[in-house]
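Trainee: I'd like to learn how to read the features of a structure like this one. Could we go through it together?

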Amino acid sequence: MNSCVKESKAPDAGFNVTETGVNSTQLLEAPLDVFLQADRAIRLQRDSIVARNINQSTFSFKIGYINFTVSPADTVTFPKTVTVDFGTDTSKSYTGKMVLKMTGKMRTNGSYCAITYINLITGKSLISGTDTIISSGVNNGNVISRYNMHGGKLLGYGSKNINYAGRVISKFNLSTGTNVLDSVEINATDANQWVYKLYSIPVIKLQITSDCNYFNAGGIVTDIKINNVLTGYFGFDFGFNQNGYTYACDADGAIYSSSYINKNYQGQFIFLAKKFQ
């Protein structure tokens, strides 16, 4: 999968566990990471302008290797454009640019942000698609947002294309800085015409805390159809590491695989999750 350990001996799954597992991992990590980058940029531009009392046509600032440019640079004028420039250093998680165009304050119900990508590359995939973030306002101290993905493309196993679409509903807590992905659904088709459906589990939601660069809790399920037959299953568990369920801030997670074709097949892998940076 993603730096996984070797699977223990098990009956044949009846489908390609490695290929579908790599594709499921890529579909899970890349779109969610792109959303987290855009969501963070929306907050950072606002917080930076407020903290510095900025009121000018353009304002630029840098965090780590990422450059942010806001125009117009105030808290009241919309539409507003935020350019997130990751640069050209291929040793970093991203290269290229992400451009956010906001119609209003993203803590106000009904405001939305259109996202475009300019040569944005992560994990060897050129990110594309027509994506938006729509605000549902603030409820109980949480900023509620919906991230819609349309026409997305990734490189999967063997550098083959994967097409995807989906949505994420997130709750960002203004007090703690914890971002809970309340609901996730991603639908995709790979180059073999195998169909993937990734979805969240309501009782164990993905979360990333303000002091951690990894999801430290939550789970995602992937169902796989081959030739229109429900064939395989993967369960991604971010609360698990080699010491058990610690919910620690680390890259460790577990993948559980099973087959709808051969009920005797069960697999378990340790994987290293992508770091959000």
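Mentor: Gladly! Let's start with helix H1 (residues 17-52), which gives the most to the lining of the largest cavity, with five residues. The model is predicted, so local features need pLDDT of at least 70 and side-chain atom pairs count only at pLDDT 80 or more, while totals for chains, interfaces and linings use all residues. Residues are numbered from 1 along each chain as its sequence is written, and side-chain values use heavy atoms, with hydrogens and water left out.

Trainee: How many cavities of 30 Å³ or more does a search of the whole structure find?

Mentor: Rolling a probe the size of a water molecule over the atoms shows where empty space is left. On a 1 Å grid over the protein atoms alone, a cavity is a set of points where a 1.4 Å probe fits but cannot get out, and lining residues have an atom within 4 Å of a point. Searching the whole structure gives one cavity of 30 Å³ or more. The volume of the largest cavity is about 130 Å³, counted as the space filled by probe spheres set on points joined across faces, edges and corners. Its lining has 13 residues, and the closest to the centre are Glu-29, Asp-33, Phe-215, Phe-238 and Lys-274.

Trainee: What volume does the largest pocket have?

Mentor: A pocket is an open set of points with protein on both sides within 12 Å along at least five of seven lines. The largest pocket has about 290 Å³. Among its 18 lining residues, those closest to the centre are Ile-42, Arg-46, Lys-105, Met-106 and Arg-107. H1 turns up here as well: six residues, the largest share of this lining, come from H1. H1 and strand E8 (142-155) each supply at least two residues.

Trainee: How far apart are the end C-alpha atoms of H1?

Mentor: Helices (H or I, at least four residues) and strands (E, at least two) are DSSP runs, numbered from the N terminus. The expected span of a helix is 1.5 Å times one less than its number of residues. For the 36 residues of H1 that gives 52 Å, and the end C-alpha atoms are 52 Å apart, so the two agree.

Trainee: Is H1 enclosed or open?

Mentor: Buried means under 20% relative accessible area, exposed over 50%, and partly exposed in between, with a 1.4 Å probe and protein chains only. Of the 36 residues of H1, 27 are buried, so H1 is largely enclosed by the rest of the structure. For contrast, Thr-83 in strand E3 (residues 80-85) is partly exposed at 21%.

Trainee: Which cysteines form a disulfide?

Mentor: A disulfide is a covalent bond between the sulfur atoms of two cysteines; the cut-off used is a sulfur pair within 2.5 Å. That rule gives a count of one disulfide: Cys-212 with Cys-249, their sulfur atoms 2.1 Å apart. The torsion about the S-S bond is about 100 degrees, so this disulfide is right-handed. The link joins distant parts of the chain, 37 residues apart: Cys-212 is in the loop between strands E12 (206-208) and E13 (219-226), and Cys-249 in the loop between strands E16 (244-245) and E17 (252-259).

Trainee: Are Cys-212 and Cys-249 buried or partly exposed?

Mentor: Cys-212 is buried, at 5% relative accessibility, whereas Cys-249 is partly exposed, at 43%. Another cysteine, Cys-113, is buried at 0%.
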